[in-house]
Amino acid sequence: MSFEWNRIHKWEENYERDITDDVIEYICEYYEVESIFDLTEEQVGDIDNFRSNELNEYSVMQVGFSNVMMQLDDPEFYNDDA
């Protein structure tokens with residue numbers, strides 16, 4: 001019998017959500033904001049610069065930063081307050 005991992009996508013989704021939540025929490029604490037949607041354009045640029053130039057492209061945290069940037073690019077989709 002060959003190895004199988006049924007519903008592995010559920011595990012992946014959980015890890016991705018946890019990483020994204022951790023990135024959001026850190027960003028909000030760092031900038032002392034309630035929500036990533038309260039960030040200034042300069043702060044968003046700093047985060048994107050960190051993600052692109054400082055964070056290793058193979059870091060597991062990349063998924064969290066990418067998800068944050070997607071949320072910031074389309075706040076009406078992700079933010080109930082927008």
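Let me start with a term: partly exposed sits between buried, under 20% relative accessible area, and exposed, over 50%. Asp 48 is at 27%, so Asp 48 is partly exposed. Keep that scale in mind. And keep in mind that this is a predicted model.

Now the overall picture. The chain has four helices and zero strands. From the N terminus on, the order is α-α-α-α. The chain has 82 residues, and 24% of them count as buried.

How does the radius of gyration of the chain stand against a compact globule of 82 residues? The globule would come out near 12 Å, but the chain has 15 Å. The C-alpha trace spans about 55 × 30 × 20 Å along its principal axes.

Next, salt bridges. How many are there? The count is two.

Take Lys 10 and Glu 13. Their side chains meet in a salt bridge, at 3.6 Å from N to O. Where do the partners sit? Both are in helix H1, which covers residues 8–31. They are three residues apart, so about one helical turn separates them. Lys 10 has 34% relative accessibility, which makes Lys 10 partly exposed. Glu 13 is partly exposed too, with a relative accessible area of 40%.

Now Asp 48, from my opening. The side chain of Asp 48 meets that of Arg 51 in a salt bridge, at 2.6 Å from N to O. This pair lies in helix H2, residues 41–54. Again the spacing is three residues, about one turn of the helix.

Which residues form the negative one? Asp 18, Asp 21, Asp 22, Glu 25 and Glu 29. Look at Glu 29 in particular. Glu 29 is placed in helix H1. Its relative accessible area is 53%, and the cut-off for exposed is over 50%, so Glu 29 counts as exposed.

There is also a nonpolar patch on the surface. Its members are Phe 3, Trp 5, Ile 8, Trp 11 and Tyr 15. Together they have about 620 Å² of accessible area. One of them, Ile 8, is found in helix H1. Is Ile 8 buried, exposed or partly exposed? At 35% relative accessibility, Ile 8 is partly exposed.

Last topic: the backbone. Two residues to check on screen.

Start with Arg 7. Phi of Arg 7 is near 60 degrees, a positive value in a residue other than glycine. Where is Arg 7? Arg 7 lies in the segment before H1. At 56% relative accessibility, Arg 7 counts as exposed.

Then Glu 32. Phi of Glu 32 is near 55 degrees, and this too is a positive value in a residue that is not glycine. Glu 32 is placed in the loop between H1 and H2. With a relative accessible area of 72%, Glu 32 is exposed.

To recap. We have a predicted model with four helices and zero strands. The salt bridges pair Lys 10 with Glu 13 and Asp 48 with Arg 51. Positive phi values turn up at Arg 7 and at Glu 32. That's it from me.

Notes
Residues numbered from 1 in each chain as written. Predicted model: local features only at pLDDT ≥ 70, side-chain atom pairs only at ≥ 80, totals over all residues. Heavy atoms only, no water. Salt bridge = Lys/Arg side-chain N within 4 Å of Asp/Glu carboxyl O. Helix = DSSP H or I, 4+ residues; strand = E, 2+ residues; numbered from the N terminus. Buried < 20%, exposed > 50% of the residue type's maximum accessible area, 1.4 Å probe, protein only. Patch = residues over 30% accessible without salt bridge, like charges linked within 9 Å, V, L, I, M, F, W, Y side chains within 5 Å. Areas by Shrake-Rupley, 256 points an atom, 1.4 Å probe, with all protein chains shown as cover. Lys, Arg positive; Asp, Glu negative; His and termini not counted. Charge placed at Lys NZ, Arg CZ, Asp CG, Glu CD. Rg over C-alpha atoms; globule rule 2.2 N^0.38 Å.
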